[in-house]
Structures are given as C-alpha cells and as structure tokens.
Amino acid sequence: QDLRAQFFSFFYFAINGGSLFAIILTPILRGRVSCFDSQYCFPLAFGVPGVLMVVALLFFLAGWKWYKKCPPSRENVAGAVVRCMWTAGKRSLAGRSSKPVAHWLDRAAPEHSPEMIQAVKSFVNVAVIFGPLVFFWALFDQQGSTWVLQARRLDGRIGWITVLPEQINILNPLIVIIMVPVFEAFIYPMARKIFHVTPLRKMALGGLLTATAFIMAGLLQLEVNKSLESPPVSGRVYLQRIGNASNVHSFQQLGNPGTVIGDLPSGRTEVDAGVYSIEAGGV
C-alpha cells in the first residue's frame, strides 16, 4: 500500500512537471513569436502542445500489448446502485421494515445481495467525503481566470525575472514538484512516527492550506483595489478613444442640441452619461 501511494505521488509529480513546462513555454510562444502577419502566434502556442499530446498518445499505444485489459462488466452498475438506494430509501421513509438495522441501506435486503449493499455503503461514504470537493475545485480553477486577472494588475517582477500574467499558474506545478519529493522523503516518514497518516487527513490539511491561500489572495486583492482608478461619479461615463481613430468633426449627445465641434482627445474623456452621435473624418 505504501508503494502504491508513492507511485501516485510520483505520477502526480510527472503530470505537474509537464504542466510546469507548458505554462512556462506557451505564453512565450504566444507573446514573443510573430507568425502569419500577426504580432502574436496563437497557432504555435496551441500547435506545440497538440503535437506533444500526439507523441504521448503514441507512447501510450506502444505499450498496449503489456496492459492488463479486463473485460467490462455487462451489468448496469449505475442502475443497480440506484435501485438498491431506492429500495432502502423507500422502506426507510415508509417504515415498512420493523426489524432494526445497523445502516439504512441494509433495508434493501433481500432483493439486493449483501455484496451489492456493502458496495453501495462504500459509495455513499465516499460521496460524503468527496462531495465538498466541488467547492474546492470551484476555487482551485480560479487560478486560470481570477488569479490571471489579478496578476495583470501587478508588475510581475520577482528580482530580475518578469513573470507574465498567464504564467502565474506556474506556482501550482512548481510547488508540487518541490514538495512531492520533500513530503515522500522526509515529512511523511517523520509524521508516521507520531500519528497514522491517512488520505483523509492529507485532504483535511490540504483544505486548510487552500483556504489560507485564498484568504491571502483576497487580502492581496484589497491592496490591488487601492491602486485601481476610481469609477466616474453618478451620471458621468468615460469615453475611451482607442487605436488610430480619426479626427472627430461632430460629437453630439442625442436629445441635446449642443454639439461639440473639434477633435476628440486621445485616451479617455469624461462625459455625461447618454447616447452620442460621432462623425469622424479621414485618418
């Protein structure tokens, strides 16, 4: 069992090693390589991972003859689980079974075998444990969205290194690559001398660390908000001129006879909220 746990640890290590390489390389290929008359090269950024996935698939298929391939069960396992839970739940709610039972699923007998009832018990216990993981992944996957947006508000400077916003995800695989060997070689062996290390305890500790990380991210965002530009006052909006906009000959608010003649300044202009008509001349 210890060897199996170590295998999954190093398997996780390998996955995050590839993720680390991809997170570093892909933004560089996208932002610092030009192709197809464009400043950015998205085809290269998507193409390189695609080619590597094909190579990985070929490696997987190369070992096909050594895999142990078990034939799938012809029984509808999902249907059997639902029927077992339905029978036990119906009898528990209706109170048809006067015989005391240790678990509410035991009321599914004799229609369902003891093996099936025990398997459904295990499924229910696992579902109770893994149910809250929905909230964990809802937060965890924000590292590809919310944390990237937060990183765009930062300068990205760590000493002489500049970290691109898309590379903020590098922290996850980098920490995994560093911590997996440390935990397997030092922390877990020392912890086993004090208490029994179980996957559930690992999950509980990981959840606490995750909650702490998001609290820290929230505190950081509060500091970032202090540097953001304040929104316009009520009844006013910002009008942003972007790119090679031409000179504005007529800038008029619909419903207001007043007309502003002249060039609309570059950048941002604060105006009254409303619907405007703009006529522009040549570039």
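**View 1. Trp 64 is partly exposed in this predicted model, with a relative accessible area of 44%.** Here, buried denotes under 20% relative accessible area, exposed over 50% and partly exposed the range in between (1.4 Å probe, protein chains only). The model is predicted: local features require pLDDT of at least 70, side-chain atom pairs count only at pLDDT 80 or more, and totals for chains, interfaces and linings use all residues. Residues are numbered from 1 along each chain as its sequence is written, and side-chain values use heavy atoms, with hydrogens and water left out. The structure holds 4 aromatic pairs, where rings of Phe, Tyr and Trp (its six-membered ring) pair if their centres lie within 6.5 Å, planes under 30 degrees apart being stacked, over 60 edge-to-face and the rest tilted. One of these pairs is edge-to-face and joins Trp 64 to Tyr 67, at 6.1 Å centre to centre and 75° between the planes. Tyr 67 is partly exposed, at 33% relative accessible area. Ring pairs also bring Phe 60 into a cluster with Trp 64 and Tyr 67.

**View 2. Phe 183 and Tyr 188 form an edge-to-face aromatic pair.** Their ring centres are 5.4 Å apart, with 70° between the planes. Phe 183 is partly exposed, with a relative accessible area of 26%, whereas Tyr 188 is buried at 16%. Lys 202 lies over the face of Tyr 188, at 4.2 Å from the ring centre; a charge sits over a ring if NZ of Lys or CZ of Arg is within 6 Å of the ring centre and within 35 degrees of the ring normal.

**View 3. A nonpolar patch on the surface includes Val 54, Phe 60, Trp 64 and Tyr 67.** Leu 57, Leu 58, Leu 61 and Trp 66 also belong to this patch, and the members together have about 870 Å² of accessible area. Val 54 lies in helix α2 (residues 42–62) and is partly exposed, with a relative accessible area of 48%.

**View 4. A disulfide joins Cys 35 to Cys 41.** The structure holds 1 disulfide, defined as a pair of cysteine sulfur atoms within 2.5 Å. The S to S distance between Cys 35 and Cys 41 is 2.1 Å, and both residues are buried. The torsion about their S-S bond is about 105°, so the disulfide is right-handed.

**View 5. Cys 70 is exposed, whereas Cys 84 is buried.** The relative accessible area is 57% for Cys 70 and 0% for Cys 84.

Key. Patch = residues over 30% accessible without salt bridge, like charges linked within 9 Å, V, L, I, M, F, W, Y side chains within 5 Å. Areas by Shrake-Rupley, 256 points an atom, 1.4 Å probe, with all protein chains shown as cover. Salt bridge = Lys/Arg side-chain N within 4 Å of Asp/Glu carboxyl O. Helix = DSSP H or I, 4+ residues; strand = E, 2+ residues; numbered from the N terminus.
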